[in-house]
Amino acid sequence: GAALRGAVNGMRPDGTVDQTSMQSAEMWTGTTYLLAAAMMAAGMEDECWKTAFGVYAGTYRHYGLWFCTPEAWEVNGHFRSLAYMRPLAVWAIQYARDRPRGRLAPPPTFCDSGPPLTPGAELYGDTTDDAVL
């Protein structure tokens, strides 16, 4: 597809939009950016940029929602949840593009020092990775 406004959540095998629920008929901005990042990571660079461009074109060119990126919009142009944070997933495209090739490592964090912890282990005084809670 052309991805003129991003990736619609639900498509039927015949190429029509699934209208069985509100969510299936919507395009979610952050989810579309994550799909584009996955395409980039899989080496599908052209498809990545076409898909991401759909979100950009819809948000800024067609709907004029500068600084108000919505969570979702429908094919008829109705949108909801302005100034939503999930569209920050656009940065995942850059990470997928710039990551070292051959591996998809998590980005470094400020807490990468020390042994890994089992979630919640510090509450019980056990800081080894094999803690059983």
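Threonine 29 lies in helix α1. Helices here are DSSP runs of H or I with at least four residues, strands are runs of E with at least two, and both are numbered from the N terminus. Threonine 29 is buried, with a relative accessible area of 0%. Buried means under 20% relative accessible area, exposed means over 50%, and partly exposed lies in between (1.4 Å probe, protein chains only). Leaving aside residues up to four places away in sequence, threonine 29 touches Val55, Thr59, Thr69, Pro70, Glu71, Trp73 and Pro87. Contact means heavy atoms within 4.5 Å.

The model is predicted: local features need pLDDT of at least 70, side-chain atom pairs count only at pLDDT 80 or more, and totals for chains, interfaces and linings use all residues. Residues are numbered from 1 along each chain as its sequence is written, and side-chain values use heavy atoms, with hydrogens and water left out.

The protein chain holds 3 helices and 3 strands. Along the sequence they follow the pattern β-α-α-β-β-α. The chain has 133 residues, of which 31% count as buried. Among contacts between residues at least 6 apart in sequence, 39% join residues at least 24 apart.

Helix α1 spans residues 29–41, and helix α2 spans residues 45–62. The two pack at an angle of about 160°, with their axes 7 Å apart. That makes α1 roughly antiparallel to α2. Axes are lines fitted to C-alpha atoms, for helices over the stretch in contact, and angles run from 0 to 180 degrees between N-to-C directions. Angles over 145 degrees count as roughly antiparallel, under 35 as roughly parallel, 65 to 115 as roughly perpendicular and the rest as oblique. The crossing of α1 past α2 is left-handed. In such a crossing the near helix is turned anticlockwise from the far one by less than a right angle; clockwise gives a right-handed one.

On the α1 side, the contact includes Thr29, Tyr33, Leu35 and Met39. On the α2 side, Trp49, Val55, Tyr56 and Thr59 are among the residues met. By class, this contact has 10 nonpolar, 4 polar and 2 charged residues. Ala, Val, Leu, Ile, Met, Phe, Trp, Tyr, Cys and Pro count as nonpolar, Asp, Glu, Lys and Arg as charged, and the others, Gly among them, as polar.

The 3 strands form an open sheet in the order β1-β2-β3, with antiparallel pairing. β1 (26–28) and β3 (79–80) stand at the edges with a single partner strand each, so one side of each is left without a neighbour in the sheet. Helix α1 packs on the sheet and touches β1 and β2; its direction makes about 65° with that of β1. Strand β2 (residues 72–74) is joined to β3 by 2 bridges. Two strands pair if DSSP finds at least two bridges between them.

Phenylalanine 79, in β3, is the bridge partner of tryptophan 73. Phenylalanine 79 is partly exposed, with a relative accessible area of 38%. Residues up to four places away in sequence aside, phenylalanine 79 touches Leu65, Pro70, Ala72 and Trp73.

Most residues other than glycine have a negative phi. Phenylalanine 67 has a positive phi of about 60°. Phenylalanine 67 lies in the loop between α2 and β2 and is exposed, with a relative accessible area of 78%. Alanine 83 also has a positive phi of about 60°. Alanine 83 is found in the loop between β3 and α3 (90–98) and is partly exposed, at 48% relative accessible area.
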